[in-house]
Amino acid sequence: MKPASTLVLTRADVAALLTLDECITAVEHAFAAHAEGKALGPGVLGVHGHDGGFHIKAAGLELGRSYFATKVNGNFFYNRERLGMPNIQGVVVLCDGANGSPLAVMDSIEITILRTGAATAVAAKHLARPGAQVVTICGCGNQGRVQLRSLSRVRPLERVFAFDVDAGRAEQFARELSAELGVVVLPVQDFAAAVRQSGICVTCTPSRKYFLTRNLVAPGTFIAAVGADSEDKQELEPALIAGSKVVVDILEQCATIGELHHALAGGLLTRAAVHAELGEVVCGRKPGRTSTDEIIIFDSTGTALQDVAAAAVVYEKALAANRGIPVNLAA
């Protein structure tokens with residue numbers, strides 16, 4: 001049988017086809033499928049470059065049909081200020097998992113932004129205290145925005161503190177998200193005071209040195225550590241990790257490039273001490289929160305399970321909407 005054409009989908013196509021709510025549902029299903037042995041991979045490869053680097057992430061899922069996806073992203077955190085380009089950009093290649101046929105090539109920016117926020121929403125749904133309604137967002141860029149939007153889908157939020165090393169960015173974030181979500185969002189310069197008042201804290205920065213320490217975190221807090229997606233990044237004090245219940249997206253990946261790997265390297269924690277992968281909690285194989293006082297950390301390094309789940313939604317909706325440019329790559 002002659003292979004079908006490969007769809008080429010731009011960032012605008014992806015943004016039009018993938019909603020945040022759809023992404024949260026798809027990502028939750030993907031984590032559960034992995035825990036139940038219904039996934040391929042996931043695998044990751046990192047390559048360092050000058051002032052940045054590349055990562056390649058791949059995984060497969062059974063979603064009514066078999067899908068496999070590989071994402072190649074460049075992460076260069078001076079792009080915006082130096083070149084006026086996105087700091088993170090790349091492509092997702094979606095394939096038929098049964099025969100290898102390339103189904104689609106799509107821009108990765110929207111998928112990466114949305115699926116990262118979606119993972120935090122899934123983790124907060126299962127791990128945050130039911131009454132946690134005060135949030136601190138540390139890092140007020142695009143990812144901070146989708147993190148807050150995602151949390152608003154799974155938690156009734158009362159108040160949000162927005163912190164960024166660029167105070168103007170935090171102020172703009174607060175204005176925009178207050179109006180959009182109908183929630184009180186306050187820009188703050190005292191990060192420590194904000195965290196102490198929060199039941200949920202999200203860190204989404206490119207930091208190379210930890211800034212969230214154990215003494216800042218109140219009992220019962222849920223922390224989503226989103227920034228560390230390479231071994232040189234770090235947002236959380238290793239002692240905080242060692243003294244908390246740790247849930248990872250993928251154990252092997254977090255042990256290599258996540259917050260977890262700093263605690264392992266310091267001898268403060270062992271892999272066996274990690275409570276669970278998120279998928280094990282989602283599908284009920286391991287408990288989530290068992291006490292209102294326990295501090296729970298979600299080490300979110302970003303996995304290709306999220307990418308393939310989101311890309312499959314985009315592809316199927318593109319077919320239904322007759323959207324994208326079909327290309328015969330084998331011609």
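Good morning. The second largest pocket of this structure holds about 280 Å³ of space. A pocket here is an open set of points on a 1 Å grid over the protein atoms alone, where a 1.4 Å probe fits, with protein on both sides within 12 Å along at least five of seven lines. Its volume is the space filled by probe spheres set on the points, which are joined across faces, edges and corners.

Before I continue, please note that this is a predicted model, in which local features need pLDDT of at least 70 and side-chain atom pairs count only at pLDDT 80 or more, while totals for chains, interfaces and linings use all residues. Residues are numbered from 1 along each chain as its sequence is written, and side-chain values use heavy atoms, leaving out hydrogens and water.

Strands and helices are DSSP runs numbered from the N terminus, with at least two residues (E) for a strand and at least four (H or I) for a helix. By class, this lining divides into 6 nonpolar, 7 polar and 6 charged residues. Nonpolar covers Ala, Val, Leu, Ile, Met, Phe, Trp, Tyr, Cys and Pro, charged covers Asp, Glu, Lys and Arg, and the others, Gly among them, count as polar.

Two backbone details belong to this region of the sequence. Most residues other than glycine have a negative phi, and most peptide bonds are trans. The bond from Gly41 to Pro42, however, is cis, with omega near 0°, and Pro42 lies in strand S2. Asp51, in the loop between S2 and S3, has a positive phi, near 60°.

I turn to the largest pocket, which contains about 1,300 Å³ of space. It is lined by 46 residues, and Phe77, Asn87, Arg169, Cys204 and Pro206 are the closest to its centre. Among the elements giving two or more residues to this lining are strand S3 (52-62), strand S4 (66-75) and helix H3 (79-83). The largest share, 5 residues, comes from H4. This lining has 14 nonpolar, 18 polar and 14 charged residues.

Finally, the helix packing. How do H2 and H4 cross? The axes of H2 (residues 20-35) and H4 (residues 109-127) come within 8 Å and cross at roughly 65°. H2 is therefore roughly perpendicular to H4, a term for angles of 65 to 115 degrees. Axes are lines fitted to C-alpha atoms over the stretch in contact, with angles running from 0 to 180 degrees between N-to-C directions. The contact, meaning heavy atoms within 4.5 Å, includes Leu20, Cys23 and Phe31 of H2 and Leu114, Ala118 and His126 of H4. Its residues divide into 10 nonpolar, 1 polar and 3 charged.

Helices H5 and H6 pack at about 30°, with axes 11 Å apart. They are therefore roughly parallel to each other, as angles under 35 degrees are counted. Their contact includes Gly144 and Leu148 of H5 and Phe173 and Leu177 of H6. By class, this contact has 4 nonpolar, 3 polar and 4 charged residues. Thank you.

How values were computed. Parallel < 35°, antiparallel > 145°, perpendicular 65-115°, else oblique. 1 Å grid on protein atoms, 1.4 Å probe; cavity = no way out; pocket = protein on both sides within 12 Å on 5 of 7 lines; lining within 4 Å.
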